[in-house]
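Subject: Handover of a structure, with notes

Dear colleague,

What I found follows below.

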Amino acid sequence: DEDGASDSAVAPFTVEGGCSTRMPPRQSVSLEVPAFTDMCTEVDLAAAFRRLSPPSASLSRQFATACEALNLQRKQAGVGLEPAGLVHVAHLRSVRTKLLSYYHQLTTPPISTLPKARLGVTFVWRDARKIAKFEDKTGVLEIGNVAYNIAVATASIAAETMKEQRGANAAKTLFEESACAFAEARAVMGADEARLWRDPTKVNMELREEALLAFEELMSAYAYRCYYDFLLDEGAEAETLAGGAHQAAVAYGRAAARMQKAIEARRGLETLFSEWCRATDVGRSFYLSQARLHAADICARQVRPTLQLAHLAGARALIDAVYAASNAAGASGPMLKRAVPDLLHRATEIQGRVKALEREIRSNVHGAQQEVDPHDALLPPANAPKPRARSFQDAFPRVAPLLFDGVVLEAGAARRAQADITDSDSDNDATDPLALASAAPRQRGADGPRDRVAARPDDHPGRGGAA
C-alpha cells in the first residue's frame, strides 16, 4: 500500500476475547527530533586559560597540557553534529560522549566559578538552520547550546534505538534523559542574569524558553509512546494497554499545547513548530484511537457488544481523521507517515471490525441490546507510571577526570588550591597543575639533567583526563 506497510512487516498481537491489534513495523518507524545547533567558529581556549596564570610564574607541563586538552575537547564537541537518521547510532553515542566531556568541564569547579568574560574570547553559534549567527562573551550561549546538543544527541539515539527489536524500553529511558537535558539547558538559560533567552536577537531560537519547554514535553510524549510500545511487546492485558495508550495521548496533547505557545511567541518559532505542532496534535488523536480499540477488546471479553461498538466507532472516526491528516499538504503529513507507517492498514482493520460487529448486533446474536453513543463510552484512565524525577547529574554522571583539578580560578587568575597542597609536599607539587617546573627537584641521569616532573599518561590529550 502507499504507506509502505505489508502484512509480513506487521506482527499480529492478540488479547483476551479474540480481538487483535497490530504492532507497527518498528524498522520503518521514524520520529521527528530536534536538530543540532552549530559551533561555527574556533576559539583558542588554550591561550585564554594560559593567560590566567600570573606572569611571574612558569607553567607546569600538566597545566599547559590541561589548557590544550580543554581546547581540544571544545573542537571535538563541535564535530559530527549531523541530523538524526543520516549517521549510525554508534557515531551519535560518540558525539554525545564528547559533548558531555566538554560540558562537565565547563560546569564543574574550578571552571564553573570563573566568569567567562575574563577569558576575553567570543563564542559564536548558529541556529539549527545554519542561518543566523549569535555572539556571546559570557559563556551562557556556549553552555546552553552544548546542553541543548546533548539533549538532541540523546533524542537521536533514542529514535534509532526504538527501531530495534524490543528496543522500546531502552528508547523510553533515553527519551526521558533527553527531556532531562532540555530541562538542564532551560535551567542554564534561566539562571542568566542578562536573560538572553528573552531577546531573540541575542540567542538562537532553539534556546528560547518557549522552545525548550516544547522540546521537553515532546520528549516526554515520545517516552510514553515507547512505554506503550513496550506494553505491546510484553503482551500486556487490554486494560493496561488502554491506560498506556490513553497516557500517551495525554502527553502528546501537552506537547502540542506547548508548541502552540511557542508558535504564538513568534520570532522564528512559528516556522520551527507550526507543522510539528499539527503532527503532534494528530498524534494525540492516534493514541486515543488505540485506547478506544483496547477498550473495545475489554468489552468483547465482557460480552458488551453495544459498548464495544461505541468504542470501535470512536476509534474509526479518530483513525480516519489521522489518515486524512497524513495525506494533507505540508510537512505534517510525512511526519505522521514516518511515525505510524501502517495507518491505512489500521484504518481498514478497524472498519472491518465495526462492520462485523454491526452484523452480529443486527442478527440479534447477543439478544436485545441498548445502543450506546460513542461520546458516552468512557475510556479507562491513563495509568502509565510517571518517570522518576532525575537531575542532569544523575542522568549524565561525569566519568572523565577534571582537567584543572587542584586549581582555583578566581579574580581573573589561576592559583593552586592551598588547602590541598603545601610547598613542602614535593610529591603533590609534581602532580599539581600549577606547580612551577623550576621549583621541582631535579635528578641527574645518564643523559644529563632531567626534570622529575615527567609527563604522565593523563598529561596528554587523548589519554587519561584529557580524553
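Two residues are said to be in contact, or to touch, when they have heavy atoms within 4.5 Å of each other. With that in mind, Val124 touches Asp38, Met39, Cys40, Thr41, Lys133, Phe134 and Glu135, where residues up to four places away in sequence are not counted.

Before going further, please note that this is a predicted model, in which local features need a pLDDT of at least 70 and side-chain atom pairs count only at pLDDT 80 or more, while totals for chains, interfaces and linings use all residues. Residues are numbered from 1 along each chain as its sequence is written, and side-chain values use heavy atoms, with hydrogens and water left out.

Confidence and overall make-up

The pLDDT, which is the predictor's confidence in each residue on a scale from 0 to 100, averages 82 over the chain, and 79% of the residues score at least 70. Over residues 1-22 the pLDDT is below 50, and this stretch has 49 contacts in the model beyond near neighbours in sequence. The pLDDT also stays under 50 over residues 419-467, for which the model has 75 contacts beyond four places in sequence.

The chain has 13 helices and 9 strands; these are DSSP runs, numbered from the N terminus, with helices being H or I of at least four residues and strands being E of at least two. Of its 467 residues, 51% count as buried, where buried means under 20% relative accessible area, exposed means over 50%, and partly exposed lies in between, with a 1.4 Å probe and protein chains only. Among contacts between residues at least 6 apart in sequence, 74% join residues at least 24 apart.

The sheet around Val124

Val124 has its place in strand β4, and at 7% relative accessibility it counts as buried.

Strand β4 belongs to an open sheet of 3 strands in the order β3-β4-β5, with antiparallel pairing; two strands pair if DSSP finds at least two bridges between them. The edge strands are β3 (38-39) and β5 (133-136), each of which pairs on one side only. Strand β4 (residues 123-126) is joined to β5 by 4 bridges, and these two strands run antiparallel; within this pairing, Arg126 has Lys133 of β5 as its bridge partner. Helix α4 (residues 140-161) packs on the sheet, touching β3, β4 and β5, and its direction makes about 40° with that of β4; axes here are lines fitted to C-alpha atoms, for helices over the stretch in contact, and angles run from 0 to 180 degrees between N-to-C directions.

Strand β6 (residues 407-410) is joined to β7 by 4 bridges, and the two run antiparallel, with Arg416 in β7 as the bridge partner of Val407.

The 20 residues of helix α11 (residues 343-362) should span 28 Å at 1.5 Å a residue, and its end C-alpha atoms are 29 Å apart, which agrees; the expected span is 1.5 Å times one less than the number of residues. In α11, Leu343, Arg346, Ala347, Glu349, Ile350, Arg353, Val354 and Leu357 are buried. They lie on the same side of α11 because they cover an arc of only 160° around the axis, the arc being that of the directions from the helix axis to the C-beta atoms. The face turned away from this buried side carries the exposed residues Thr348 and Arg362.

For helix α7 (residues 238-265), 28 residues should span 40 Å, and its end C-alpha atoms are 41 Å apart, which agrees.

Backbone details

Just after α11, Asn364 takes a positive phi of about 60°, and α7 is followed by Arg266, whose phi is positive, near 60°. Val303, in the loop between α8 (269-301) and α9 (305-326), has a positive phi near 55° without being a glycine, and it is exposed, with a relative accessible area of 53%. Finally, a cis peptide bond joins Pro109 and Pro110, with omega about 10°, and Pro110 lies in the loop between α3 (89-107) and β4.
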